[in-house]
Amino acid sequence: MSFVERYQELELLRFMTCGGVDHGKSTLLGRLLVDSRSVPEDHLEAAKRNNEVDFAMLLDGLRAEREQGITIDVAYRYFRTNKRKFIIADAPGHEQYTRNMATAASNCDLAVVLVDAGEGIIEQTRRHSFIAALLGIKHLVIAVNKMDLVDRSEERFDTIRRAYDAFAARLEVTDVEFIPMVAATGENVVQRSAQMEWYGGRPLLDHLENVHIASDQNLIDLRLPVQLILRGDDGSRHVAGTIASGVVRVGDEVSVLPSQTTARVSGISHRSEAFAPLAVAITLDRDVDVSRGDMLAHVRNIPTLSREIEAMLVWMSAEPLQQGREYLLQHCAVQTSAVVRDVRYCIDVTELRHHAALELRMNEIGRVSIEASRRIAFDAYSRNRATGAFILIDRMTGETAAAGMILDRETAPEEVLTPVRSLAAIEKLLADYGLDADSIEEITAIIASRLDR
């Protein structure tokens, strides 16, 4: 087998690194690349000072623009081992760059969150963890760095782990790994630390090579957004696009959405079946009305079809979100007009608390209700990241105004009229409609006092 064939067969892991400023992110990535022998010799020589490698310097070249405030972007690095190939998304850590971190997280399978052993869990730790969870990352590695500053104390490591577990219990992340390390010396980065023998887990690279991500992919729900219609030399029509999720086979009965016209698959790009994320050309057994922006799905498993969308937004524009203003909504291959009808609440991402809001400003995250001008075929983001994500575009400037994640439960207005029979139900209802914890406590106390009379 040739090198190219071996490379193509390696499974790809996309992961991002984040954490507080000066928690050692550059040093960790530099050490990981050097110790895995993924840095060219000339780059390695250029990063040496007094015959010692400055690991952070290996990454600094990628950050030159954004450190000067010219362009704030996400830097990417690529490397491979004998077990996997990797893409690292190195996101900026400052609070004002939340939108850039969200961009990095949207395509990642795993996030490495750096924690300074001396400082412990800080606001940025909670902020980045929340955004990673919100963007659907199922695997977190809490890299407790600079363990040498706390004498490599197991007790200190356990204290940080307990503090993080208490916070993470409110996030929808089930796979959280804690690794104590000293990135500057390489301890538990690629090689195990001989000075932290109390740690029985794997070093970081070993974990990255072996973490199970195959089951993260949705192979149940066939979703094929139509990107274009191709014509063969014989006049035949082929529906082309990249499979977002699921598996399609010759003979499958599919529904064309939103029209819900049905047909059978008679051919798939010279193969009998295809699965995500392959780009394919599908031939149907009869001529049906299908065009760019439509979606193919199995007839007994179709996504939601609606003009009404409940979603979480990460606001990216310097111009605040305005209720009632018209934006362009880009979802898969569909672009249509849409209006944000209501801002339900904004989220304090460090305390995971909701508070009422009439608008969203740059880097803020909140829940909104949106009305599109046409029906869209979508899934909840928690089930399908490809068909549950969208962006809002400013019609005047053409810039991306927001990234959106569709929620799996619509908040219907008639819920307000539903009888509530307990204070707990009242608290939940008030939280759903954006009141902060203090207001909820005040209102329920008034209600409780009247119920006692």
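User: Which residues does Asn 188 touch, not counting those up to four places away in sequence?

Analyst: In this predicted model, Asn 188 touches Ile 179, Pro 180, Met 181, Ser 193, Met 196, Tyr 199, Pro 203 and Leu 204. Contact here means heavy atoms within 4.5 Å.

User: What rules apply to the model and its numbering?

Analyst: Residues are numbered from 1 along each chain as its sequence is written, and side-chain values use heavy atoms, with hydrogens and water left out. Because the model is predicted, local features need pLDDT of at least 70 and side-chain atom pairs count only at pLDDT 80 or more, whereas totals for chains, interfaces and linings use all residues.

User: Is Asn 188 buried or exposed?

Analyst: Asn 188 is buried, at a relative accessible area of 1%. Buried means under 20% relative accessible area, exposed over 50%, and partly exposed in between, with a 1.4 Å probe and protein chains only.

User: Where is Asn 188 found?

Analyst: Asn 188 is found in the loop between strand S8 (175-180) and helix H8 (204-210). Helices (H or I, at least four residues) and strands (E, at least two) are DSSP runs, numbered from the N terminus.

User: What does the side chain of Asn 188 reach at 2.8 Å?

Analyst: The backbone oxygen of Pro 180 is reached at that distance.

User: Turning to backbone geometry, which peptide bond has omega near 15°?

Analyst: That is the cis bond from Leu 257 to Pro 258. Pro 258 sits in the loop between strand S13 (253-257) and strand S14 (261-268). Ala 276 and Pro 277 are also joined by a cis peptide bond, with omega about 5°; Pro 277 is in the loop between strand S15 (273-275) and strand S16 (279-284).

User: What about positive phi?

Analyst: Lys 146, although not a glycine, has a positive phi of about 60°. Its place is in the loop between strand S7 (139-145) and helix H7 (154-168). Arg 152, also not a glycine, has a positive phi of about 55° and lies in the loop between S7 and H7.

User: How accessible is Lys 146, and what of Arg 152?

Analyst: Lys 146 counts as partly exposed, at 24% relative accessibility. Arg 152 is buried, with a relative accessible area of 17%.

User: And overall, how many helices and strands does the protein have?

Analyst: There are ten helices and 24 strands. Of the 453 residues, 50% count as buried.

Conventions
A polar contact is a pair of N or O atoms within 3.5 Å; within protein, one must be able to donate a hydrogen and the other to accept it, and residues adjacent in sequence count only if both atoms are side-chain atoms.
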